[in-house]
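Please look through the structure shown below before reading on. The paragraphs that follow take the chains in turn and then turn to the place where they meet.

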Amino acid sequence: MRADAAVPEALRTPPLTDGAVTPASLDEQVLRFPETKPPRKWFLALAFTASLMTVGLALIGYTIYTGIGVWGNNRPVFWAFDIINFVFWVGIGHAGTLISAILFLFRKTWRNAIARFAEAMTIFAVMCAGLFPLIHVGRPWLAFWLFPYPNQRALWTNFRSPLLWDVFAVSTYFSVSLMFWYLGLIPDLASMRDRTQSPFRRKIYTVLSLGWRGAASHWSHYEKAYLLLAGLATGLVLSVHSVVSFDFAVSLVPGWHMTIFPPYFVAGAIFAGFAMVVIVLVVVRETMNLKNLITDFHLEVMNKVILGMSCLMAYSYLMEGFTAWYSMNPYLHHVFRQYVGGTYGWAGLLTICCNVLIPQILWFRRARRSYFWMIFVSVAVTVGMWFERFVIIVISLHQDYLPSSWHVYKPTLVDFGILFGSFGLFFTLVLVFARVLPVIATTEVKMVLPGAQPGRHGAP
Amino acid sequence: MVTAETAAEPGGKAFAVLGLFETAEDILAAAQGLRDKGLGRLEAYTPYPVHGLDAALGHRRSPLAGMVLVMGFIGAVSAFLFQMWATGIDYPIVVGGKAPMAWQAFIPILFEVMVLFATFTAGLGMLLLMNRLPFYGHPILSSASIGKITRDRFALSLEAYGGAFDAREARAALEEAGATEVEVLPAPEPSGPWSANYLLKGFFAVGAACLVAGYATYWAVKLFPVLPPMVHMEDQPKLDPQEPSALFRDGRGMQSPPSGTVARGFLPYSPAAPEEAAGLANPLPRTEPVLDRGQKAYRTHCAVCHGVLGDGVPTLTASYGAKPANLQARAIRELSDGKIYDAIVRGKNAMPSYAPHLSVEDRWSVVHYVRVLQRAQNATDEDLERGGRP
């Protein structure tokens with residue numbers, strides 16, 4: 001919308017909202033959700049996801065009580081569903097940080113409408129992710145051993161282990177995402193505090209909004225802090241998935257020991273995360289009538305990001321294969337043949353199909369704007385990215401240097417139950433969030449509405 | 001009670017006069033106009049950050065960036081030094097063939113801790129240090145305009161801040177600047193926090209917190225670790241002496257040896273009667289290690305009754321009625337090695353068998369040692385001349 005004559009029509013940002021949206025109408029539209037009774041279909045959806053979650057939690061309890069022998073993991077496949085799910089969920093989370101931090105630094109104002117939801121998804125996804133290493137340690141009540149604290153064994157944690165780097169990276173990522181999200185919520189909570197009629201709700205919002213009063217001097221520090229946080233979170237999000245990839249790349253397992261892993265993992269994380277954001281946003285904008293705020297344009301740009309990331313994934317796969325071939329290492333050659341040919345060859349082919357071939361449909365503008373195609377692609381990407389981690393972890397492990405210990409891994413029902421349970425947990429949290437807190441960062445959207453800023457800075 | 005009406009009077013206690021504006025452009029223009037009039041501290045309240053308002057109000061640049069830089073640096077350095085100290089100095093340990101101070105491996109955690117320090121400085125520094133939040137007592141929060149401000153209106157306020165403040169003058173200036181609504185905010189009633197009610201609540205809160213913390217600690221330290229599954233590793237299928245066990249069909253933890261087998265070091269004792277043992281010869285050589293072993297076994301098992309010197313004076317109290325044999329007695333000195341050995345295996349009079357406590361080697365060593373004791377207590381002049389050599 002920036003009236004820059006030098007920019008060709010096709011490259012100009014279209015209006016970020018459909019129809020007339022004023023700050024007051026925005027508040028009325030978005031902040032009313034927490035105060036109205038949710039519709040029947042919301043309760044039905046919640047019942048479904050909550051039952052999935054309950055099954056998952058019960059199976060986690062069973063695992064903890066009995067021991068992780070109830071999973072399919074066995075030598076040499078010591079890492080399987082647990083670590084696949086961990087990497088998968090951490091990756092889903094990265095889209096939120098990308099949208100809220102990296103696009104903020106690039107001054108992409110379209111991010112303002114979807115940032116809140118994407119950030120919430122980050123937090124929920126990291127919660128799901130954190131669950132898996134925790135139960136995989138087998139005795140989660142001793143998980144505090146992961147942190148370096150003075151103890152009677154006089155022993156420190158192994159600071160040279162990528163697994164410990166992971167502990168620091170993921171816990172930092174969670175705390176920073178939570179704070180970033182909460183800081184963004186404060187002005188919206190203040191709006192809710194001042195518009196609610198219910199004294200009980202007012203009390204909660206008053207406490208949560210910390211007495212925010214919108215003073216210009218406060219905004220000045222707030223904007224500076226937000227900018228700094230965005231810059232720091234950008235570095236953080238790149239580091240977190242790099243560290244996750246170190247869990248593999250720093251080891252000597254053929255198929256894992258590769259220098260391309262950090263950028264390849266980061267690209268995959270953003271890819272899977274955007275797909276999940278698209279799925280959730282389509283449902284949200286349809287069921288909550290937010291079409292005027294989350295426009296076709298928003299979905300189209302996100303689909304473009306998915307397409308770009310899909311091309312990056314294709315490059316990564318080719319580069320990985322080339323590196324393996326060029327290494328002249330027979331073990332590596334063997335593992336890469338297993339990726340597409342062996343017992344689990346179907347998983348490798350499915351990964352390539354879902355992550356590389358299917359998203360190419362998004363080259364067409366009609367597909368980028370069609371619910372059917374974008375949901376189809378996003379679901380394919382979600383499945384494909386889960387199987388990509390399956391390929392990397394299980395196939396690399398099941399046949400390594402020692403043929404006498406080769407083993408065909410078979411997941412058990414408990415493995416599947418916990419996987420689907422984590423989806424239940426994620427969507428339960430998403431559903432609750434959608435009806436309890438402002439789903440759109442109203443303050444940030446008000447900031448970029450036409451005429452929101454004094455004219456001499458150019459209306460955005 | 002100070003109300004909006006009385007506050008506006010000359011000499012009334014007004015905290016601020018608030019003027020509402022419709023658009024961001026209006027408030028920016030008004031702020032620029034009012035800034036130099038010196039009617040009070042000029043502040044704006046807006047639903048979102050308005051570009052250019054900082055400059056119009058004369059705000060300084062936020063010092064957050066510098067704070068973040070310093071704290072990020074402190075985080076990075078402390079994480080790095082801590083890792084170097086823990087792995088290189090406090091408990092040097094070689095992992096993966098790397099030197100204890102291989103600093104390259106400490107970079108990822110250095111980076112994460114740096115980001116953690118920097119982000120919490122940015123977030124909490126902004127809230128707590130710069131903006132002094134949470135603060136629920138600001139007069140604007142109880143004003144009539146706050147609902148409009150957090151929705152879509154822009155407020156300029158002239159606030160009493162040091163110096164003289166004339167609410168009527170401020171109101172006139174705001175109206176002149178184009179404010180659509182003007183509100184006078186009374187100064188809040190001063191309230192002392194040290195009322196009896198406050199103290200009572202405080203004591204109650206501290207007491208409740210102590211109770212909760214105490215029970216939580218008790219639960220975490222005493223109860224939680226002994227609940228299943230936390231104790232599953234203690235509760236393993238294993239054999240305990242004298243305890244039943246499900247591992248064997250007969251349900252006993254301790255099993256008799258299978259028939260026809262001999263445990264290592266437990267050859268059956270062949271003499272059927274003490275008389276037959278007389279002919280047994282001591283198979284062990286009379287060397288220093290054997291005598292040391294005999295001494296140790298004697299002092300452990302025999303000396304308590306027979307005395308350290310073998311003189312039959314027990315170290316037990318007088319109430320111990322059995323009269324242990326005096327090993328220095330002529331009759332015993334003249335016994336063959338085999339007979340003494342037999343007494344150890346079979347026991348004699350009140351003395352039980354010591355076979356379960358002493359291995360075959362131990363028993364023969366004890367026999368050697370008893371001979372040493374006997375010779376030492378009955379030394380001849382000849383022995384003295386030989387200087388203790390055999």
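This is a predicted model: local features need pLDDT of at least 70, side-chain atom pairs count only at pLDDT 80 or more; totals for chains, interfaces and linings use all residues.

**Two chains and their contact**

In chain A, 82% of the contacts between residues at least 6 apart in sequence join residues that are at least 24 apart.

Chain A contains 15 helices and zero strands. Its radius of gyration is 23 Å, close to the 23 Å that the globule rule gives for 460 residues, so chain A is as compact as a globular protein of that length. Taken along the principal axes, the box filled by the C-alpha atoms of chain A is roughly 70 × 55 × 45 Å, and 48% of the 460 residues of chain A count as buried.

Within chain A, one pair of helices can be followed in detail. Helix α3 (residues 81-105) of chain A packs against helix α14 (residues 413-436) of chain A at an angle of about 15°, and their axes are 10 Å apart. Because angles under 35 degrees count as roughly parallel, α3(A) is roughly parallel to α14(A). The crossing in which α3(A) passes α14(A) is right-handed. On the side of α3(A), the contact is made by Phe81(A), Asn85(A) and Trp89(A), while α14(A) brings Asp415(A), Leu419(A) and Ser422(A). By class, the residues of this contact of α3(A) with α14(A) are three nonpolar, two polar and one charged.

Chain B is built from 14 helices and four strands. For chain B the radius of gyration is 48 Å, whereas a compact globule of 390 residues would have one near 21 Å. The C-alpha atoms of chain B fill a box of roughly 135 × 55 × 55 Å along the principal axes. Of the 390 residues in chain B, buried ones make up 28%. Among the contacts in chain B between residues at least 6 apart in sequence, 69% join residues at least 24 apart.

The next topic is the meeting of the chains. How many residues does the contact take from chain A and from chain B? The contact takes 58 residues from chain A and 63 residues from chain B. On the side of chain A that touches chain B, the elements giving two or more residues are α1 (23-30), α2 (40-66), α5 (162-195), α7 and α15 (442-447) of chain A. With 17 residues, α7(A) gives the most to that side. Sorted by class, the side of chain A that touches chain B has 32 nonpolar, 18 polar and eight charged residues.

It remains to follow α7(A) to a partner helix in chain B. The axes of helix α7 (residues 216-249) of chain A and helix α5 (residues 107-130) of chain B come within 10 Å and cross at roughly 160°. Since angles over 145 degrees count as roughly antiparallel, α7(A) is roughly antiparallel to α5(B), and α7(A) passes α5(B) in a left-handed crossing. Among the residues of α7(A) in this contact are His221(A), Leu228(A), Gly235(A) and Val243(A), and those they and their neighbours in the list meet in α5(B) include Pro108(B), Glu112(B), Ala118(B) and Met130(B). The residues of the contact of α7(A) with α5(B) divide into 14 nonpolar, five polar and one charged.

Notes:
Residues are numbered from 1 along each chain as its sequence is written. Chains are lettered from A and ligands numbered from 1 in the order in which they are written. Axes are lines fitted to C-alpha atoms, for helices over the stretch in contact, and angles run from 0 to 180 degrees between N-to-C directions. Angles under 35 degrees count as roughly parallel, over 145 as roughly antiparallel, 65 to 115 as roughly perpendicular and the rest as oblique. A crossing is left-handed if the near helix is turned anticlockwise from the far one by less than a right angle, and right-handed if clockwise. Two residues are in contact if their C-beta atoms, placed from the backbone, lie within 7 Å. Ala, Val, Leu, Ile, Met, Phe, Trp, Tyr, Cys and Pro count as nonpolar, Asp, Glu, Lys and Arg as charged, and the others, Gly among them, as polar. The radius of gyration is taken over C-alpha atoms; the globule rule is 2.2 Å times the number of residues to the power 0.38. A residue is buried if 20 or more other C-beta atoms lie within 10 Å of its own, exposed if 12 or fewer, and partly exposed in between; C-beta atoms are placed from the backbone.
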